[in-house]
Amino acid sequence: MALDRPTLPPVQLHADAELARDALATPLLARAARLARWAGPETPVGPGGELVDEELPAAAEVLGLAADEDGEAYASEAWRVAVDTGLVEVGDGDEDAPGAVTAGENLSLLTGGAPLDVLGIWLDALDVVLADATAPVLDDLAEVIGEDGEIDFERLDWNPEEEAEFLEGVLGNLYLLTVSEGGTGESPVPLPALAASMIVPDDMGEPTDDVLEQVSEAMMRLDDQFRLLEPIGLVEYQPVDEALMVEEGEEPAPSAGAFGGERGGELGEELDDEDVTRYGMVRLTPLGLYGVRARMLEAGVNAPAVGELADKGADVLLDGLTAYPESAARAETAGWLAGRGAVEAARELLAAARGADAGSPLRRLHCQQALALVGPEAEPAVREVLDDAELGGLARVWLAERGAADVPAPPESMIFWLAIDTIAAQLDAEGDLEELQDLVEGLTGQHGGFFEAAWRVDHPATAEVLEAMGRLHRDKRAAKEARKAAFKARSRVRG
């Protein structure tokens, strides 16, 4: 009964207009736009289009950063973003006569373009910042300058592809943690746990000292990178507490408990919440979720978003909800129903729920959940399937829940068929184990001689469901009866 799942659960993105407003409000893009409006043909630039050093104080003053010791560095970074995103254009020139500066075509799009235009510019700015974040750290230029006066990158022990891949992997893990929580990203992630997710093997019990050292080094690198990524609005970041440094110039080793969760429990005494936050905390912003997903899609990753199924048929909706968390599934379904009349929607959902294939029980469960969001005006469509062997049971449940009159009693065969179908759907949904056990025990408790009747049910999943009930039922006698019933069901099919 197992079904293929999409690569990632769906993300609940904010509206494009809201994300565009967030993008315009990010410190780095706002600074880049301000410098683009300030610059003109007389603005002196170097041969690569960079602001000359003599112009940086003026640029920092324009940004209101003249009193900041890092103001000129911020101005240089903002100018580079302005150039690389097309907010300013630097004409062709050379070392002796650099090109003139003019406003770029994208500058007007920041105020007059559509939300997707703004988000496209922001994504270009993100590319610039990610490139900076994975650039080598040059602590001592003298050590890496070659005889020709140029930087010798081979001396840096720096692989640009590996650096970029590692950071993309970290952002991917952060994205997965976010969407697995329902896609809202409300809870920040401890930096040690994020670093460990990239380094500590899943099957490793207690990490070795070498692995812990690698985690510590990764934390410090990520600390620098997230500081760079915060001004572009990708993350909200609480940096590592500098007081954790053992001594000046020495990196702190993360405490075992800083990993949190089960791994923290395995490794040693866990830190309290306040201690964990001192090791750095990070979360993707709503804009960050949009940005990471965009990069994943560009790389060919299946990263669905809530709302993508709104214009699809009911068959696509019911199949697509397979990997959706409850809150996301409800939001996706509500969006799908919003553009349809109640009777029309109910008929389409019920038609798509039919079938005897492996995915049909879960489709019917999703259909039942979708119908729960439809108003009482859908009653005519639901009554149309009362005599349907596959849909009659869920139709009666829907009508009874709404207090409808004249709901015919189901035949016994339909009761047991619905029970098997319901458990089959829950097994495919891979929900909470205790809830599933309660469902199994509740069904068997309501019907005397359940297993004697259940093995005769003409449902493609009967034998598998009974075997699962034998594993799940906490009463040993009932579990044994379930296994015997499963054997009978298989024998009936073979016979």
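Start by selecting helix H2, residues 27–38, together with helix H4, residues 71–84: the two pack at an angle of about 80°, with their axes 8 Å apart. That makes H2 roughly perpendicular to H4, a label given to angles of 65 to 115 degrees, while angles under 35 count as roughly parallel, over 145 as roughly antiparallel and the rest as oblique. Helices here are DSSP runs (H or I, at least four residues), numbered from the N terminus. Axes are lines fitted to C-alpha atoms over the stretch in contact, and angles run from 0 to 180 degrees between N-to-C directions.

A word on what you have open: this is a predicted model, where local features need pLDDT of at least 70 and side-chain atom pairs count only at pLDDT 80 or more, while totals for chains, interfaces and linings use all residues. Residues are numbered from 1 along each chain as its sequence is written, and side-chain values use heavy atoms, with hydrogens and water left out.

Now show the side chains between H2 and H4. Leu 28, Arg 31, Ala 32 and Leu 35 of H2 touch Tyr 74, Ala 75, Glu 77, Ala 78, Trp 79, Val 81 and Ala 82 of H4; contact means heavy atoms within 4.5 Å. By class, these are nine nonpolar, no polar and two charged residues. Ala, Val, Leu, Ile, Met, Phe, Trp, Tyr, Cys and Pro count as nonpolar, Asp, Glu, Lys and Arg as charged, and the others, Gly among them, as polar.

On the H7 side, look for Glu 168, Leu 171, Gly 172, Tyr 175 and Thr 178, which meet Leu 289, Val 292, Arg 293, Arg 295 and Met 296 in H12. This contact has five nonpolar, two polar and three charged residues.

Keep H12 in view and bring in helix H6, residues 115–133. H6 and H12 pack at about 75°, with their axes 11 Å apart. That makes H6 roughly perpendicular to H12. Among the residues in this contact are Trp 122 and Asp 127 of H6 and Tyr 290 and Arg 295 of H12.

Last stop: which helix gives the most to the lining of the largest cavity? Select H19 (412–429) and H16 (360–371), each of which supplies at least two lining residues. H19 gives the most, with five. A cavity is a set of points on a 1 Å grid over the protein atoms alone where a 1.4 Å probe fits but cannot get out, and lining residues have an atom within 4 Å of a point. The lining includes Pro 361, Glu 390 and Trp 417.

Technical notes: 1 Å grid on protein atoms, 1.4 Å probe; cavity = no way out; pocket = protein on both sides within 12 Å on 5 of 7 lines; lining within 4 Å.
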